[in-house]
Each structure stands twice: as C-alpha cells, then as structure tokens.
Amino acid sequence: MTTGKKLLNLLLAPLIIVAAVFIIVALVKSRKNPPPRKPVVAVPSVEITLSSPADAVPAISTFGNVRAYHESEVASQVGGRITTIDPNFDPGRAVNAGDLLAKIEEADYQTALAERESALAAVRQTLADEETRARIASEDWVASGRRLEDAPDFTLRKPQLAAARAAEQAAQAAVGQALLDLERTSVRAPFDAIVRTREASPGNVIAAGAPLGSLIARDKAEVRLPLTPEQAARLALPLAFVSGETRPLRATLRDPNRPGLSWTALVTRTEASVDLKNQVLYLIAEIPKPFEAAETFLPVGTFVTADLSGSKLANVHRLADAALIDDSFVWIVDADNHLRRQAVGRLHDGKGDFLARIAAPVAPLPLRVVTRPLASFREGGAVTIVPEAVTEP
C-alpha cells in the first residue's frame, strides 16, 4: 500500500466512526417507548352463606356409660347346704320378682321350728296355770271379807302372771324367727332382673351372708351425663331435690358402634355437687326397658353419646365454624361486593357450626357470610361471589 493510501485511511477512519455514532444515537432517539403496563389485580372468588336472625334451640351434646339402675348381690340369710339351683339362675337369664333362685336344705330349720313350737305350747300351759292361780287367789281374798284393792300384788300372783305372759311372747317370737329362717332357705329374686353372675352350685355348703351371685334390674337402666358450666346454663335442669321442680328432660342416646340406632332417655335428676377436678355437673338419665328387644338391646357399660335440647335462643345466626376469625368476627360481602368485618358474639357451639348474636349488622339482611375466608382478606377488598356456592341458611 502506498503512503498516500495509508494517509487517506487514517483520515477517513475517525470520520466513519463519528458518522456511525451519530446514526446510532439518532436511531435510539427515534425509537418509541412501550406503553406502561397496568398491574393485574387478582380478585378472589368466595363462597357465601345467606344468614338471617331466627329463633334456635341449641343441641347440647355429652356422653356417658350405661349402668344398672339397681344392682344387687344375692346372698342367703341362713347357712346350710344348697340342694337346688333354679335353671334361670344363670348369667344372662331373666328372672321375675319372687322367683326361686336357690334352695337350702330345710331339715335343721324344720327341727328348730318344731322345738320352738313345743316350747311355745309349754309356755302357754304355764300361762294358763298362772291365770288360774291368779283367779283363785283373787276369789279367796274377796271371800275372806277383805277388799281386793288392799291385796298385795304377790298374793294375787301378778308378777308371776306377767312373767308367764312375757315368756309366751318370747316363745311366739322364737316360733316366728324359726318360720322366717325356714322361709329363708328359699332364696328368691328381690325384683325383676337379669342374672349378671352366679357363684353357687348344688352341694355347696354356705354360711349366712355368703354371696350366691348378682342381679341387675331389667325395668330400666341409667346413664350419668357430665355438663360443662356453659352447657348447664343452656338447660332447664330437673332439680328433684327442690320442691316443685319436676321438669324432666328428654335425651337421645346413640351408640357410636351401632349407627342408626337411638334410645330415648328421661333425665329426671341433677346431682347437687360438681366434680372438683373438672367442674362438671352431672345429670342422671333413665332408660326404660333397655333389655326387652334384641334390636334395641343396650348392655350395661355401653358408651353412648347424648343429645339434649337447650333453652330457646331468640334472634341468633347459625354460622359455620370455618367462617369465624379469632373467635370474634366474620367476613361479610356487602352490596358492592366488598369485604366488611362483622363482629359476632358466640353463644353456643354445635357440630360444625355455632350460634351467634349480631348486634349491629354492617350490611342489609340477609348477611352474605364468607364461609371460607382467606388470611389475605382486608377491609374493603373486592371479591367475586361463586354463584353456585351460595347456600341458604
């Protein structure tokens, strides 16, 4: 390359660079800025429940174990050898009041009765002799010309006669005791019952008071139901120990292991003290004829739940548990589909819902209560309602 061409290149290169820079700057300045993007605001969709105030009867739920109304240990009041055990005196069998359960050998008691009857006859003969002597003594005293009022008691044989009469009464009582002992050789059921246990067998020699078995009453059973102070405040308690307070409650009992079955029990009594450990008050509910039918057989010891109807609450809202926030408020959707915070006063808890009183509604009735509120909800926030998710109260 010649010197002239080299010099020309050195002169043109800066001009080319400057021109390129001017072109680039011009292109940049001529480019239009894109329009600013508006941020997308997400409007949450909510499910609502329409709620209006109404009267409601709260359901009080509790639990307990079925227990026998009467449970008796069968024992003999006399001792001896057991000669007979009745076939119905077996666990699970039904017996009626007065039915024979066991028989004790009678021979010794028949002998004792005969001896005491003989003693009574001898005492009565002695009494008859004393009455005759006393009569003769009175006649002799009067025949001697003296007044009967002046005669000493011993002369008229009054002490001897009183002793003879007392001996007759004692002998009669002894005969009565012998008859009673003989009767007690037959051990009988004291009430209509189901046999729970039997410990006696024929040939056993027992002492008086020895246990033979146990019975439970079959006409009714009972269950002891605990109530918290809040639950007790919702019920008109039957106070059997207060004069005039005879307002029984009805309770519906259910066995969790036998769905579909229920029993009606009558709550007739309230215990007069609370449990010091957990401050619960106990009601006693009676279950009539729990063993009469196979379909409704309710064994003693069964765990049952119990539902009772509380006192009526006026003008309350029934709301879902999931709607309640911090135990103090729920979210309401107003007419413009904006969120409003609604204060509520919770009165009673149910199964999945609760009863509440709303003193000052923040929107027209019926209130549109959000059933599943989000943690991001804020006062005045916009929402959309899912039409198919609107539930009536």
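1. Arg224 lies over the face of Tyr282, 3.7 Å from the ring centre. Lys220 is placed likewise over the face of Tyr69, at 4.2 Å from the ring centre. A charge is counted as sitting over a ring if NZ of Lys or CZ of Arg is within 6 Å of the ring centre and within 35 degrees of the ring normal.

2. On the basis of these remarks: the model is predicted, and local features need pLDDT of at least 70, side-chain atom pairs count only at pLDDT 80 or more, and totals for chains, interfaces and linings use all residues. Residues are numbered from 1 along each chain as its sequence is written, and side-chain values use heavy atoms, with hydrogens and water left out.

3. Six strands close into a barrel, in the order 4-13-16-15-14-17, with antiparallel pairing. Neighbouring strands of this sheet are turned by 40 degrees against each other on average, direction ignored. Strands (E, at least two residues) and helices (H or I, at least four) are DSSP runs numbered from the N terminus; two strands pair if DSSP finds at least two bridges between them.

4. Arg67 stands opposite Glu222 of strand 13.

5. Buried denotes under 20% relative accessible area, exposed over 50%, and partly exposed in between (1.4 Å probe, protein chains only). In a regular strand the side chains alternate between the two faces of the sheet. Five bridges pair strand 5 with strand 12 (residues 211-217) in the antiparallel sense, and Glu71 stands opposite Ile216 in strand 12.

6. Ser76 is found in the loop between strand 5 and strand 6 (80-85). With a relative accessibility of 2%, Ser76 counts as buried. The C-alpha atoms of Ser76 and Ile104 are separated by 8.7 Å, the two residues being 28 residues apart along the chain.

7. The structure holds four aromatic pairs. Rings of Phe, Tyr and Trp (its six-membered ring) pair if their centres lie within 6.5 Å; planes under 30 degrees apart count as stacked, over 60 as edge-to-face and the rest as tilted. The ring centres of Phe63 and Phe303 are 6.0 Å apart and the planes stand at 35 degrees, so this pair is tilted. It links distant parts of the chain, with Phe63 in strand 4 (residues 59-68) and Phe303 in strand 17 (residues 303-309), 240 residues apart. Phe63 is partly exposed, at 44% relative accessible area, and Phe303 is partly exposed at 40%.

8. Phe291 and Phe297 form a tilted aromatic pair, at 6.1 Å centre to centre and 50 degrees between the planes. Phe291 counts as buried at 16% relative accessibility, while Phe297 is partly exposed, with a relative accessible area of 39%. Phe329, Trp331 and Phe377 form one aromatic cluster.

9. The axes of helix 2 (residues 107-143) and helix 3 (residues 158-183) come within 8 Å and cross at roughly 165 degrees. Helix 2 is therefore roughly antiparallel to helix 3. Axes are lines fitted to C-alpha atoms, for helices over the stretch in contact, and angles run from 0 to 180 degrees between N-to-C directions; over 145 degrees counts as roughly antiparallel, under 35 as roughly parallel, 65 to 115 as roughly perpendicular and the rest as oblique. The crossing of helix 2 and helix 3 is left-handed, a term for a near helix turned anticlockwise from the far one by less than a right angle.
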